[in-house]
Amino acid sequence: MGEFKINDKVDITDVVCPTTFVKAKIALEELDDGEILEIRLNDGEPVQNVPRSIKEEGHKVLKLSENGDGTYNLIVQKVGE
Amino acid sequence: MKRFRRLRSDERIRSLVRETHIERSMLVYPIFVEEGENIKTPVESMPGIYRYSPDRLDELLSEADKAGIAGVLVFGIPKHKDSLASSAYDENGVTQQAIRKIKKNNPGLLVIADVCLCEYTDHGHCGLVREDIIMAVDYASLKKGGFMRQKQKNNFSLRLRVVGGNVTAGQLAAIAEVAKKYGDGHVHLTSRQSIEIPFVKLDDISDVKAALAEGGVEPGVCGPRVRTVTACQGSEICPSGCIDTYSLAKELDDRYFARELPHKFKFGITGCQNNCLKAEENDLGIKGGIKVTWRKSDCIHCGVCIKACRNGALSTDDGKIVVDASKCNYCGRCVKSCPVESWDTVHGYIVSFGGLFGNSISKGETILPFIEDHEKLMAVCDAAVSFFNDYANPSERFRFTIERVGTDKFREYIINAYNNA
Ligand code: SF4
Ligand code: SF4
Ligand code: SF4
């Protein structure tokens, strides 16, 4: 993950929809415009839906990568204050 | 002076000056049809005339047809008579059965129906008796106009015209007012996005219509015609929507609503593969979709789309995103989740035919995988409606017409309409 400078991380693999997105959203609120969040999320519904919800909130999705253990890391850049 | 006169003294002179001709082709045969089976009872007062049950009509009809007369005049004798003459507008009443039979077996005969209500009322009047007044009520047009007869005598549930499930606040206020004033203060939301106002009284029908019209509300329809066009929220409201379902519902409603057909015909429109409106339940269902092509230039290779696709239609190959067309169902999830919209898209329609969700249940079938062009969509809808109109037997649902006439023939009919549009 060397290509992005990560400002904060959040793990949402311990919650289920719709709390997944809520937790990610709260973590994003803590950041400043342009800062980068790494979100760890589960396969299935979360990986299908969370990136899209983040896009619909107006933030910028940069990368999704597989961790090899059934989880993924989603790299998101916060847009706006 | 001698005045010459042409007296009608012999056949030739009579033929020359005859003004009134009677020919076989001008005759109409009265037939009396009685409810029941295997009936042929003589009518004492008219020797040689019988009452037949519908199953035995053929004996008479083929003779009448062969004789070359113009047609028949049908008098129905129902088993059930009541004060509302309900057998007169029962879809399976004896007159209705007889007419269907004649139209089917002897389509060449003209059919004249006795439309007087006296045969159907228990009091014998030619209209409805209410507080000693005899009223002529046209039940067929009441039903056509959305007034559904209730179990409770003289009460009607009025169905309203709703398109795509949208009702304005102003309309709702007018509906609420009418339900309070003329109904019993409640409305019913039907399974197909319509609103009904129950307990409307026969006497109030014209006042109710006027009050609703003032609030911009029209009555709906029932019976053998194009019914309410239903729709989900679609792309104007719902983030998942691939097409503007409401505009399309309006367009179909303008084009077809209340059109008379051999049986009911239902249109339903759903905005995407989530299928909230259950398109395939309808005689003609339309589902929105997006045909996608990956655009290399904008892609940041984030990998989100591959996971967003629920059908496993996407994969990467040497830095390219590849769409497997055999797996793609046009759901559009890849585009909607892509952070940079790195996709070229064509919005279009997936149309299904012959869905049923009543006494029999069948899923509508798709013939053309994806219709991109709006004009072609309309041509396909027109073709489905005209196929139904031309080939269906009375009271036969679209599904059964397609099966009886032949799935291949129908398929060809639709594909032709598509190609020629
Ligand atoms: S079918 Fe699709 S567009 Fe329509 S309401 Fe459901 S999710 Fe939204
Ligand atoms: S449109 Fe739907 S099925 Fe087709 S590739 Fe995109 S996500 Fe997959
Ligand atoms: S989601 Fe968009 S940017 Fe990301 S890999 Fe797919 S096409 Fe490229």
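Trainee: How many nonpolar, polar and charged residues does the shell around ligand 1 have?

Mentor: The shell has four nonpolar, six polar and no charged residues; Ala, Val, Leu, Ile, Met, Phe, Trp, Tyr, Cys and Pro count as nonpolar, Asp, Glu, Lys and Arg as charged, and the others, Gly among them, as polar. This is a predicted model, in which local features need pLDDT of at least 70, side-chain atom pairs count only at pLDDT 80 or more, and totals for chains, interfaces and linings use all residues. Residues are numbered from 1 along each chain as its sequence is written, and side-chain values use heavy atoms, without hydrogens and water.

Trainee: Which residues surround ligand 1?

Mentor: Among them are B:Cys232, B:Cys238, B:Cys272 and B:Cys276, where near means a heavy atom within 4 Å.

Trainee: What is the make-up of the shell around ligand 2?

Mentor: That shell divides into seven nonpolar, three polar and one charged. Its members include B:Cys309, B:Tyr330 and B:Arg333.

Trainee: Why is B:Asp203 called partly exposed?

Mentor: Buried means under 20% relative accessible area, exposed over 50%, and partly exposed in between (1.4 Å probe, protein chains only). B:Asp203 has 43% relative accessibility and therefore counts as partly exposed. B:Asp203 is placed in the loop between strand S11 (195-201) and helix H6 (205-214) of chain B.

Trainee: How do you know that the span of helix H10 of chain B agrees with its 18 residues?

Mentor: The expected span is 1.5 Å times one less than the number of residues. For H10 (residues 374-391) this gives 26 Å, and the end C-alpha atoms are 26 Å apart, so the two agree.

Terms used:
Chains lettered and ligands numbered in written order. Helix = DSSP H or I, 4+ residues; strand = E, 2+ residues; numbered from the N terminus.
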